[in-house]
Amino acid sequence: MRGVARRVALTLFVVWGAATAAFLALHLMPGDPVLTMLGDALPPADRVARIRAELGLDQPLAEQYLAYLGRLVRGDLGRSYQLEAPVASVLGEQVGATAALALSGFGLALVVSVPLALATAGRRPALRRFVTTLELVAISTPSFWIGVLLLSLLSFRLRWFPVAGGDGVPGLVLPAVTLAIGLTGVFSQVLRDGVERALREPFVLSARARGSSEAAVRRAHALRHAAIPLLTLSGWTIGTLLSGAVVVETVFTRQGLGRVLATAIAARDMPVVTGIVVLAAAVFAVLNLVVDLLYQVADPRLAGRASPRPEGVPR
Amino acid sequence: MGTEPLLAVEGLRVEFRVGRGVVEAVRGVGFTLTAGRCLAIVGESGSGKSVTARALLGLVGPGSRVSADRMELAGTDLRSLTERRWRGVRGARIGLVSQDALVSLDPLRTVGAEITEVLRNHPRPDAPTPVDLLARVHVPEPAERARQRPHELSGGLRQRALIATGLAGGPAVLIADEPTTALDVTVQAKVLALLAEERDRGMAVLLISHDLPLVASFADDVAVMRHGRIVESGPVGQVLTAPRHEYTKTLLAAMPGAAPKPPPPHREHVEALRVDQVTLAHPGADPAIRRGVFDVSFALAAGEVLGVVGESGAGKSTLAELLLGLRSPHQGVVTLGGQPWSRLSARDRRPLRRRVQLIQQDPLGSFDPRHRVERIIGDALPGPGRAARVGELLELVGLPDDVRSRHPRQLSGGQRQRVAIARALAPGPEVLVCDEPVSALDASVRARVLRLLLDLRRGLGVALVFISHDLGVVREVSDRVLVLRGGQVVEEGETERVFAEPAHEYTRELLAAVPARPAVVSRVD
């Protein structure tokens, strides 16, 4: 119970840290947000002063910071300079699209990489070599290039999928596949490595000496041991994807946090940028918590320990 | 009990492809197993004994070639089995029990799930339940234990659980590969009694071991293996009392206590180290189990060898950390050469650190694998004259000078331990703390390393604290013995007195659990 309380406190600390960093970045950035916002070459000085007062930008920095934290605690992320709408609702509109893309891409990669790793770990040398080469290609190919290839082949030429945007499942397929290709490469490498390490452990000899088949040994014993490093990687991956897959969203002209972030940065729309930074920090902190709890499900030996000890490291 | 052999092996050969070459691990081995008897295959590491055991299960591994003139299990020719038919043999007709259940049972699964796996692989109408099987191997509260994982059980209990997985499929042959190696002596004795019970029920047991006293106390027949061949075999009594082969004689001579101990050197009594009423408690999850050391006192004279014995959890490692000044006691004081060692600040300890050095069980982990021996030893030496001093140290520990340009992985276990000793000697210590220094070594290598340590204390006057769970080894090297239990000293005294007339109940229990050395061995010369 004390562990849980400590982790919740840590989560709040991380979110506060990210919010503070975003606030400082906003005020250290060169340029005047009000001038950027108005866009005119030389706006009248009284209008600038009025807007500055409205936004509270004329107050001392410490007071601005406290007011900003106060709004954050109440869940108020401010108003977008550019979109003329509350940041919270701007983000709310985009989160659904981003989550759909992130989770489907992640799920697809998982579904493909588990059988791939199990089939090639420590056996079928020719196939293994072929698959690892493919994985390397998948990891090192930039996702915009994969996206453009898929688009030109499957959308423009074969017309199987919508070219741009597109709601619902058909519009999701190509972006998700684009994301999944790179992820599959990483996931199956990590999984195969874990399975191969587990297969060298003495308990695998015990299992084989009980008359268990190769498939059963891999499924019932090795896979679970390989799950721990994958879990670590998954937390990081989902976190990154949930804070926006800019490149894929741009290539497929999809809605999503990534594109909103890119646009906001270009337009110096700082409330939106800070909003996304705070959201991303919160997502990461929560995912970390979830991953930590899942570690204990995957490996009961870790229960009551602060962080997982890698397999095979002596106490 | 029929006299017809259950398992007959003739001309067994196992080869491994290594790079472009071929290594012969087993070169024409033959033996038979009979119901209700135990055959022990004894050999040092690399002799091919474990590979032989795996060949009987068709589990030698990739890159190997197994051939035999005969390999027959009660009418089944094992040489031509398909993988599917092999699976019908493994677990159901031949069971395997490996060493160290902590890693030989899947640490993520419950003990019950591991047993169920065997039962599911080999369904039969009269199959026992996992709980029945745990009860059969005398695990208390079997229903509860079945739901626990290996790390939640004590060493003895989980080894029993591993044996239960070996028995679950109802095999007629049980292969026990070093089944007690990871266990404390008192636990060892109980696990052996369990195996004896199964043998007496009619099981044919193949015991694979490096431990001659253990074999002598348990097996009916013994086969001594070396370089992939059986050099000598026969009934235990005959092989151990009247060995015909040179190698068997060497093994017997290397047994602890087989050689007369040199008298301790005479020298003036100078106190090297003193421990006064020292207590260091580890905060544990379970307050009922106290870990650490409690109110321990002793003194160590220069050139003296003090043996520290105890089972796991007795506080041996904590004591080592205290002596090395790696931790400070909660109470009491450790005095080193007249200075209050344990009360000094970290900064004041540093110049004194060279005076106490450590030798560990397996030094490989403490060597930087990228460094050569020259650097491993030289790191502890001042710059000028370093190369020459490394040469002297290598000579002192009996290593050829060309070892200096090798990496630790290119050395044998015995050579590595000698390098570790040379490194410990480099800063000119007065006390060497030896924590299980020979436990990872084969018997014949062990004897030579022990001899080296005794020579060093004689030649250099260095005092040794010799920590071990192995009573035989402690008896061989120590002038005095300290028996630890639950962090407390239960007995202390001259080695011969403690072993001949143990005063404390626990010491008697420890000594009783040591597999009896056959009295006849001392007749061997």
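How many residues does helix 17 of chain B have, and how far does helix 17 reach from its first C-alpha to its last? In this predicted model, local features need pLDDT of at least 70 and side-chain atom pairs count only at pLDDT 80 or more, while totals for chains, interfaces and linings use all residues. Residues are numbered from 1 along each chain as its sequence is written, and chains are lettered from A and ligands numbered from 1 in the order in which they are written.

Helix 17 of chain B (residues 443-460) has 18 residues and reaches 26 Å, close to the 26 Å expected at 1.5 Å a residue; the expected span is 1.5 Å times one less than the number of residues. Helices (H or I, at least four residues) and strands (E, at least two) are DSSP runs numbered from the N terminus. The buried residues of helix 17 of chain B are B:Ala443, B:Val445, B:Arg446, B:Ala447, B:Val449, B:Leu450, B:Leu453 and B:Arg457. A residue is buried if 20 or more other C-beta atoms, placed from the backbone, lie within 10 Å of its own, exposed if 12 or fewer, and partly exposed in between. Just after helix 17 of chain B, B:Gly461 has a positive phi of about 70°.

Chain B also contains an open sheet of six strands with mixed pairing, in the order 7-8-9-3-10-11. Strand 7 (94-97) and strand 11 (229-235) of chain B each have a single partner strand and stand at the edges, so one side of each is left without a neighbour in the sheet. On average, neighbouring strands of this sheet are turned by 15° against each other, direction ignored. Two strands pair if DSSP finds at least two bridges between them. Strand 3 (residues 38-42) and strand 9 (residues 204-209) of chain B pair in the parallel sense over five bridges, and B:Ala40 has B:Leu207 of strand 9 as its bridge partner. Helix 7 (residues 155-167) of chain B lies across strand 7 and strand 8 (173-177) of chain B, at about 165° to strand 7. Axes are lines fitted to C-alpha atoms, for helices over the stretch in contact, and angles run from 0 to 180 degrees between N-to-C directions.

Elsewhere in chain B, strand 16 (residues 356-359) runs parallel to strand 17 (residues 431-435), joined by four bridges. B:Leu358 has B:Val433 of strand 17 as its bridge partner. Both faces of strand 16 of chain B are covered, with B:Val356 and B:Leu358 buried on one side and B:Gln357 and B:Ile359 buried on the other.

Chain A is divided into domain 1 (2-73) and domain 2 (94-302), with bounds from an automatic or database domain assignment. The C-alpha centres of the two domains of chain A lie 34 Å apart. Their contact takes 13 residues from domain 1 and 12 residues from domain 2 of chain A; residues are in contact if their C-beta atoms, placed from the backbone, lie within 7 Å. On the side of domain 1 of chain A that touches domain 2, the largest share, nine residues, comes from helix 1 of chain A. A:Phe23 lies in helix 1 of chain A and is buried, with 20 other C-beta atoms within 10 Å. Not counting residues up to four places away in sequence, A:Phe23 touches A:Tyr65, A:Tyr68 and A:Thr274.

Methods: Contact = placed C-beta atoms within 7 Å.
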